Amino acid sequence: MKEELARVYHVVMRSFVKTGRAPHYTDIAREMGIEPESARLLLRELTSLRLPNWLSPGTDLIASFAPFSNIPNQYRVTVDGEQRWFAQCGLEALALGHLFPRRTVEVASTCLDCGESIGVMFRDASLLALDPSTTVAHSNVPLADWYVDIGRS
Amino acid sequence: MNLFRSEEHARRWAGFDPMSAEGILPAAQLHEKLFARFGRYSERLAPDYLLRVADLSAGVPEALAEVSASSTFWKPR
């Protein structure tokens with residue numbers, strides 16, 4: 001694994017945590033002190049790894065980077081009362097507490113069946129609340145097939 | 001991957017694939033057995049995360065098997 005790829009990963013993750021949005025590859029280039037085209041190629045390489053991170057099809061724009069989504073969806077994330085983030089999916093919504101150390105993280109979602117609310121609250125590794133307690137995560141796609149089309153999983 | 005208020009809600013969802021019944025897992029258990037436990041999820045802000053992600057993921061498939069009662073649906077490729 002190239003150390004440069006690890007740096008790109010870190011820049012993207014820090015940007016999401018700080019701003020709620022993915023950086024453009026020119027932002028990554030500036031942050032790393034490299035040429036924009038080098039950053040673009042590194043980003044493409046990074047998102048081709050078998051990790052839950054991908055670009056919007058036909059572009060060089062980050063669509064999703066676990067545990068965050070760069071596209072607004074039904075997984076609204078609030079940190080210390082500020083709603084700025086979206087979770088990648090229902091599974092990654094359960095992993096968000098670690099990204100905001102010592103802060104209260106709330107995920108407000110909506111059940112796709114009935115439209116009623118689902119709420120999750122974390123602080124670091126602790127699950128403070130899950131409402132309702134019967135909440136489940138569901139995938140239509142077996143895990144072994146997720147990377148056939150990760151965006152649909 | 002979506003959240004539903006209960007297994008019944010997931011099964012009733014218009015987009016539910018009847019072949020995916022084993023794709024339903026309790027959120028509380030997923031958090032306890034996976035997300036609260038493994039560096040794959042807790043160390044994403046570490047500068048060298050990507051270099052260590054394989055090591056940080058050790059034990060994740062076994063934990064997922066535990067939560068899913070060893071369902072083949074949750075077996076990695």
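The legends below describe close-up views of a predicted model. Local features need pLDDT of at least 70 and side-chain atom pairs count only at pLDDT 80 or more, whereas totals for chains, interfaces and linings use all residues. Residues are numbered from 1 along each chain as its sequence is written, and chains are lettered from A in the order in which they are written.

**View 1. A hairpin in chain A, formed by strand 7 and strand 8.** Strand 7 (residues 117-123) and strand 8 (residues 126-131) of chain A run antiparallel and are joined by five bridges; strands are DSSP runs of E of at least two residues, numbered from the N terminus, and two strands pair if DSSP finds at least two bridges between them. A:R123 has A:S126 of strand 8 as its bridge partner. Two residues lie between the strands, and A:D124 in the turn has a positive phi of about 55 degrees.

**View 2. Strand pairing between chain A and chain B.** Strand 9 (residues 136-138) of chain A pairs with strand 1 of chain B in the antiparallel sense over three bridges, with A:A137 opposite B:L3.

**View 3. The side of chain B that touches chain A.** Here 38 residues of chain B are in contact with 38 residues of chain A, contact meaning that C-beta atoms, placed from the backbone, lie within 7 Å. Helix 2 of chain B gives the largest share of this side, five residues; helices are DSSP runs of H or I of at least four residues. By class, the side of chain B has 22 nonpolar, eight polar and eight charged residues, where Ala, Val, Leu, Ile, Met, Phe, Trp, Tyr, Cys and Pro count as nonpolar, Asp, Glu, Lys and Arg as charged, and the others, Gly among them, as polar.

Terms used: Two residues are in contact if their C-beta atoms, placed from the backbone, lie within 7 Å.
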